[in-house]
Amino acid sequence: MKNNKMKKCFTSVFLAIAVIGVSGMAIACGGNFKSSGGGTYAETAAASMWQNRSSDAAPAAAMPVPLGEEGAAEVAKEDALSYDMGGGDTAFAASQTQEPAGPVADANRKLIRTIHLNVETTEFDKLLAGIRQSATETGGYIEQSEISGSSISSSQPGRRYAYLAVRIPSAHLDPFLSQINEQSNVTNRSESIEDVTLQYSDIESRKKTLAVEQERLWALLEKADTLEAVIALEERLSEIRYELESFESQLRLYDNQVDYSTVYLNIDEVRVFTPTTPDSVTTRIQKGFTRNLEGVVNGLVNFTVWLLSSLPTLILLAAILALIGIIARLLYRFIKKAIHKALPQKTGEPKPPAAAATPPAQQQPPQEKP
């Protein structure tokens, strides 16, 4: 009996040491051996160790292993550590699986894009027609259009200028901008992006809250039995309807601004594009000579056109001037004759009589004195 008791004691101590060793291994391995409730470590370890013992120790191993308060606390500590580590692994795995969802979240963001462009073109009408066609084909529209000036090929001073506000679906905005860049010379471009995701979500949550409140008020209105309660409920329902309509209007406005981007275009008609990079000296001389030659040619052409188109007016003016010159000359002669006739009467000197001319044959020779 004494030997059996000692054998049981040694077996219990050995099993306790085995349990502690297995627990330490579980802690070192990061809690891979998880507890499934209330001392599973001890029972599992005891069963595994008992299978390696001889048949003599079977009755003693079959008895419950008394862990005591310290052993129970150790097992509880291991269970908590295993649970925390397992939860941490789960959270880390969840965060790893949520990382690829970033682009999907970006796709659900509410972004309002606004583009400002200053462009030059040598084919004003063609560019305007292309913009209208592209806007129509992509499902957009021209919100505002202003055109001023005269054609660059006409004789009138000034060049044509256009201002357009175009609404383009956000999915087709980049191809539309690429087309404008190909058909014109972009001198200035600015872009702004406004993120209204938070405002949109806030309005949606407020709308849902008001909708729930409205349903509850309708239910209370059906059960109201006093006039004061009915009036108070109807007033609150009217306020809620007004707020809901306001929120719906704001949401529609945000949806329109997000779905359709706005492009503001300032279009100038030019003969030569403004260089986007500095020109060399040779290029500047060539462009300056070409520009001056074009100015001279345009001046001669404009003068010829003006002369031919104003020829009837010039002929009429020449006839009037010739008539005035003839009248002035006749008047001058008349006045001159009148002054010449009236000049002797004003001085009072009589005219000397004209001497009678005698022929030389009738003249007598002078007589000689004695």
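## Exposure classes and overall picture

A residue counts as buried when its relative accessible area is under 20%, as exposed when the value is over 50%, and as partly exposed in between. The model discussed here is predicted, and of the 370 residues of its chain 22% count as buried.

The chain has 11 helices and five strands, and among contacts with a separation of 6 or more, 76% come from residues 24 or more positions apart. Its accessible surface comes to about 27500 Å², with 59% of that area belonging to carbon and sulfur atoms.

Arg236 and Glu213 form a salt bridge in which the closest N and O atoms are 2.9 Å apart. The pair links distant parts of the chain, with Arg236 in helix H9 (residues 227-259) and Glu213 in helix H8 (residues 197-223), 23 residues apart. Glu213 has a relative accessible area of 27% and is therefore partly exposed, and Arg236, at 25% relative accessibility, also counts as partly exposed.

The structure holds 12 salt bridges. In one of them, Arg113 pairs with Glu191 at 2.6 Å between the closest N and O atoms; because Arg113 lies in strand S1 (residues 111-121) and Glu191 in strand S4 (residues 185-195), the pair ties together parts that are 78 residues apart in sequence. Glu191 counts as partly exposed at 37% relative accessibility.

Glu269 and Arg160 also meet in a salt bridge, at 3.1 Å from N to O, and both residues are buried.

Technical notes: Residues are numbered from 1 along each chain as its sequence is written. This is a predicted model: local features need pLDDT of at least 70, side-chain atom pairs count only at pLDDT 80 or more; totals for chains, interfaces and linings use all residues. Side-chain values use heavy atoms; hydrogens and water are left out. Helices (H or I, at least four residues) and strands (E, at least two) are DSSP runs, numbered from the N terminus. Buried means under 20% relative accessible area, exposed over 50%, partly exposed in between (1.4 Å probe, protein chains only). Contact means heavy atoms within 4.5 Å. Accessible areas come from the Shrake-Rupley method with a 1.4 Å probe; for residues, only the protein chains shown count as cover. A salt bridge is a side-chain nitrogen of Lys or Arg within 4 Å of a carboxyl oxygen of Asp or Glu.
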